[in-house]
Amino acid sequence: MDRYQFEDLVSDYIENNISMSQRKQVEAYLEENPEAKQKVESVKQVMASMKSMPGVSTSAGFMNNLNKRIAAEKEASSVVKTARSFTGYTPLMASLSAVVVVAVIMLGFEFMPEGSSQATLSPTMAEQQLDDLPEMPAQTQDNMLAESEDDSTEYDSDVPVKSNFNDRIQLVGDKRP
Amino acid sequence: MMNLSSRASSSIPSLNMVEDFSYTDEELIARFQEGDEQAYVELVNRYRDRLMSFIYRFVNDMEKAEDLVQDTLMKLYTHRSYYRNIAKFSTWIYTIAGNLAKTELRRKKRHKVTNLSQMGFEEQEYQLPSVEPETGETAQSHYAEKQIQNAIQELPLHFRTVVILRDIQELSYEEISKIVDVPLGTVKSRINRARLQLQHSLKDFR
């Protein structure tokens, strides 16, 4: 054991928090080093002196001052509460009012008469209205497509349309009339 | 056993009421959280001198220590809901006190204004000798205490906290570990180093 190992174990040795083998090592070191033994005794004295230091008490006016601070704290918190409800709405009241307003609006939509607004057309109602329409024969639908002047297929063709701009563009120096 | 709740609900209790309770600290803080202010009074009575001793040994200034104890107990009053019953009450209150004391020391270090009114009462008495003569034994004891107090002030803050909690407040290593929020091994090592440093500082005195 060297000096540093010994110093690391001083408190554990004094407080008896080391294993038996470590204790034997420390005691062997102390036998060989009288100044280390002196150090252990000094540390013990320091610990005892600190334990015996007189306790320090608060002053006589301590509780009175604490009472005053608590009273001030209570007053301050009541002022904050008053300030919060200055307009007549505490956070709780405001939340409850908001809930009531939303509930009234939702009930209003629920009881609104049918057909008064497109927004009230539910999917079920829309399906019912489609069922009410007179059924068109399939033949008529095909004819309507065939008679249409605009054929969308011609725009979907992959073959690029070649346009002749010769008659429309006249370059500088072009003698054509 | 007294019914704290019924007593507290009758009227706002005076903080000067001192009565004997057999509740644990944890039971008292639970009652205080439920609105029983008499439980707060009991906690104040149990801890004010312990905290005073801890903070005074830490900051070495009597007036400042008393202010910090008041701040700690005000925090207990205003932040009572922050306490959760997963740690001992003493751990929680010492943590608050230690943090406030460290903040004060850092602030003091920044401003570093020294005048007579900011000194601890021992220093004031040292500067202004008492009119009443002290007996030999008392003077010796007073002088020894002053030497130890001065040696404690020379310790780095992280050594100072743990050695005061261990050797003056006599808390367990486990509780100190929770208060300062460092591992148990580190706490043991710091306490050992602090003791060796104190022994070195007080070598000439002895």
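How many salt bridges are counted between chain B and chain A? In this predicted model, the count between the two chains is 6 salt bridges.

## The interface of chains A and B

The contact draws 41 residues from chain B and 32 residues from chain A, and the two chains bury about 3500 Å² between them, with 59% of that area on carbon and sulfur atoms. The size of an interface is often given as the accessible area lost when the parts come together.

Besides the 6 salt bridges, 14 residue pairs are found in polar contact across the interface, both residues of each pair being at pLDDT 80 or more. On the side of chain B that touches chain A, the elements that give two or more residues are H3, helix H4 (62-78), helix H7 (136-153), helix H8 (157-168) and helix H10 (184-201) of chain B. A salt bridge joins Arg193(B) to Glu7(A), where the closest N and O atoms are 3.8 Å apart.

Asp167(B) belongs to helix H8 of chain B and is buried because its relative accessible area, 1%, falls under 20%. Its side chain makes a polar contact of 2.8 Å with the side chain of Arg195(B). When neighbours within four places in sequence are left aside, Asp167(B) is in contact with Met47(A), Met50(A) and Lys51(A) of chain A, as well as with Arg195(B).

Lys51(A), in turn, lies in helix H4 (residues 34-51) of chain A and is partly exposed, with a relative accessible area of 42%. With its neighbours within four places in sequence left aside, Lys51(A) is in contact with Asp167(B) and Glu170(B).

In soluble globular proteins, nonpolar side chains tend to be buried together. In this model the largest nonpolar core holds 62 residues, of which Tyr40(B), Ile55(B), Leu73(B), Leu76(B), Phe89(B) and Tyr94(B) touch the most other members. Helix H3 (residues 37-59) of chain B gives the most to this core, contributing 12 residues. Domain 1 (19-119) and domain 2 (141-206) of chain B both supply residues to the core, which therefore lies between them.

The surroundings of one of these members can be given in detail: leaving aside neighbours within four places in sequence, Leu76(B) is in contact with Ile29(B), Phe32(B), Tyr40(B), Leu43(B), Phe89(B), Trp92(B) and Ile93(B).

Definitions and conventions. Residues are numbered from 1 along each chain as its sequence is written. Chains are lettered from A and ligands numbered from 1 in the order in which they are written. This is a predicted model: local features need pLDDT of at least 70, side-chain atom pairs count only at pLDDT 80 or more; totals for chains, interfaces and linings use all residues. Side-chain values use heavy atoms; hydrogens and water are left out. A nonpolar core is a set of buried Ala, Val, Leu, Ile, Met, Phe, Trp, Tyr and Cys residues joined through side-chain atoms within 4.5 Å. Buried means under 20% relative accessible area, exposed over 50%, partly exposed in between (1.4 Å probe, protein chains only). Helices (H or I, at least four residues) and strands (E, at least two) are DSSP runs, numbered from the N terminus. Domain bounds come from an automatic or database domain assignment. Contact means heavy atoms within 4.5 Å. Buried area is the accessible area (1.4 Å probe) that two parts lose on being put together, summed over both. A salt bridge is a side-chain nitrogen of Lys or Arg within 4 Å of a carboxyl oxygen of Asp or Glu. A polar contact is a pair of N or O atoms within 3.5 Å; within protein, one must be able to donate a hydrogen and the other to accept it, and residues adjacent in sequence count only if both atoms are side-chain atoms.
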